[in-house]
Amino acid sequence: MSRLGTSVFLIGGVIAVALAAGLSLFFGSTPIPPDQVLGALFSPDMANQEHVAILELRGPRTVGCILVGAAFAVAGAIMQGVTRNPLADSGLLGINAGGAFALALCLALLPGMSFAGVVGCSFVGAAFALAVVFGAVSFRRRNVDPVLAGCAVGLFLTALAQGVAIFFNIGYSLTFWTAGGVAGIRADTLAMTAPFIVAALAASWVLARRVTVLSLGEEAASGLGVNVGASRTLCLLVVLV
């Protein structure tokens, strides 16, 4: 695709996202008049239930969907560039399974843990899985494909998570978390997570050139003056976040 074509595609994508975001505020399970939607955006009245629905429910969900979609897209693009594999994503590299295993342990052993604590433990589990996968790949005496290593680690951790869920009878709770959804997004949870996603997206913009060079292969990247080890580590940290 030419540079002009890419620019047109990106501009069209931004317009489509903005249009969809705007429509999501006006349409929902409960009909809200357009004047009330505009009033909630420009002169909010928290005593008005329709304004509260816009600012506390529809608005955070819309912003959350945009951030999550951007995060998944960018993470997938970075992983595909770093691993040089068009199938690479967080599921195939074991990151999701690592988070699910840590989540299962939290639900089983620490059922009263706060939302922030559960998210933090899941992050640690995902980081552990990613470290294991790329630790195996970086071991120079073994020629291991990252996707194959990720599948093996992911299957193992998924089996452990399911075993914990069955033993402690937390299958429903685990499925509720791992299935995902945006119905539970509120302004407070968005305020807690959005800064990390925005920071990671900004970092990915800075690392974009390195990802492009890494996709050419380690030898080519080194020849072009890129520190392969440091660049790969930074990219994986951004993916993890």
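This is a predicted model: local features need pLDDT of at least 70, side-chain atom pairs count only at pLDDT 80 or more; totals for chains, interfaces and linings use all residues.
Trainee: Among contacts between residues at least 6 apart in sequence, what percentage join residues at least 24 apart?
Mentor: The protein has 241 residues, of which 34% count as buried. Taking the contacts between residues at least 6 apart in sequence, the share that joins residues at least 24 apart is 64%.

Trainee: Which element gives the largest share of the lining of the largest pocket?
Mentor: The largest pocket has a volume of about 1900 Å³, and its lining is made up of 44 residues. The elements that give two or more residues to this lining are helix 3 (49-83), helix 4 (95-109), helix 5 (115-138), helix 7 (171-179), helix 8 (187-214) and helix 10 (228-240). The largest share, nine residues, comes from helix 8.

Trainee: Which residues lie nearest the centre of the largest pocket?
Mentor: By class, the lining of this pocket has 31 nonpolar, 13 polar and no charged residues. Within that lining, the residues that lie nearest the centre are V68, F72, V119, W177 and T193.

Trainee: With which residues is C235 in contact, leaving aside its neighbours within four places in sequence?
Mentor: C235 belongs to the largest nonpolar core and is one of the residues there that touch the most other members. Once its neighbours within four places in sequence are left aside, C235 is in contact with I78, V82, L207, V211 and L214.

Trainee: Is T62 buried or exposed?
Mentor: T62 is found in helix 3, and beyond its neighbours within four places in sequence it is in contact with A21, S24 and L25. Its relative accessibility is 13%, and because the limit for burial is under 20%, T62 counts as buried.

Trainee: Which residues does S122 touch, not counting those up to four places away in sequence?
Mentor: S122 lies in helix 5. With a relative accessible area of 17%, S122 is buried. Not counting residues up to four places away in sequence, S122 touches G99, A102 and L103.

Trainee: What is the angle between the planes of the aromatic pair formed by F167 and F168?
Mentor: A search of the whole structure finds two aromatic pairs, and one of them joins F167 and F168 at 5.0 Å centre to centre. F167 counts as exposed at 67% relative accessibility, whereas F168 is partly exposed at 37%. The pair is edge-to-face because angles over 60 degrees are classed in that way, and the angle between its planes is 75°.

Trainee: Where is R84 found?
Mentor: The phi of R84 is near 60°, a positive value in a residue other than glycine. With a relative accessible area of 54%, R84 is exposed. R84 is found in the loop between helix 3 and helix 4.

Trainee: What value is phi of N169 near?
Mentor: N169 has its place in the loop between helix 6 and helix 7. At 70% relative accessibility, N169 counts as exposed. Its phi is positive, in a residue other than glycine, and is near 55°.

Trainee: What separates the C-alpha atoms of L19 and L57?
Mentor: L19 is found in helix 1 (residues 3-26), and with a relative accessible area of 54% it is exposed. L19 and L57 are 38 residues apart along the chain, and the separation between their C-alpha atoms is 18 Å.

Note on methods. Residues are numbered from 1 along each chain as its sequence is written. Side-chain values use heavy atoms; hydrogens and water are left out. On a 1 Å grid over the protein atoms alone, a cavity is a set of points where a 1.4 Å probe fits but cannot get out, and a pocket is an open set with protein on both sides within 12 Å along at least five of seven lines; lining residues have an atom within 4 Å of a point. Grid points are joined across faces, edges and corners, and a volume is the space filled by probe spheres set on the points. Helices (H or I, at least four residues) and strands (E, at least two) are DSSP runs, numbered from the N terminus. Ala, Val, Leu, Ile, Met, Phe, Trp, Tyr, Cys and Pro count as nonpolar, Asp, Glu, Lys and Arg as charged, and the others, Gly among them, as polar. Rings of Phe, Tyr and Trp (its six-membered ring) pair if their centres lie within 6.5 Å; planes under 30 degrees apart count as stacked, over 60 as edge-to-face and the rest as tilted. Buried means under 20% relative accessible area, exposed over 50%, partly exposed in between (1.4 Å probe, protein chains only). A nonpolar core is a set of buried Ala, Val, Leu, Ile, Met, Phe, Trp, Tyr and Cys residues joined through side-chain atoms within 4.5 Å. Contact means heavy atoms within 4.5 Å.
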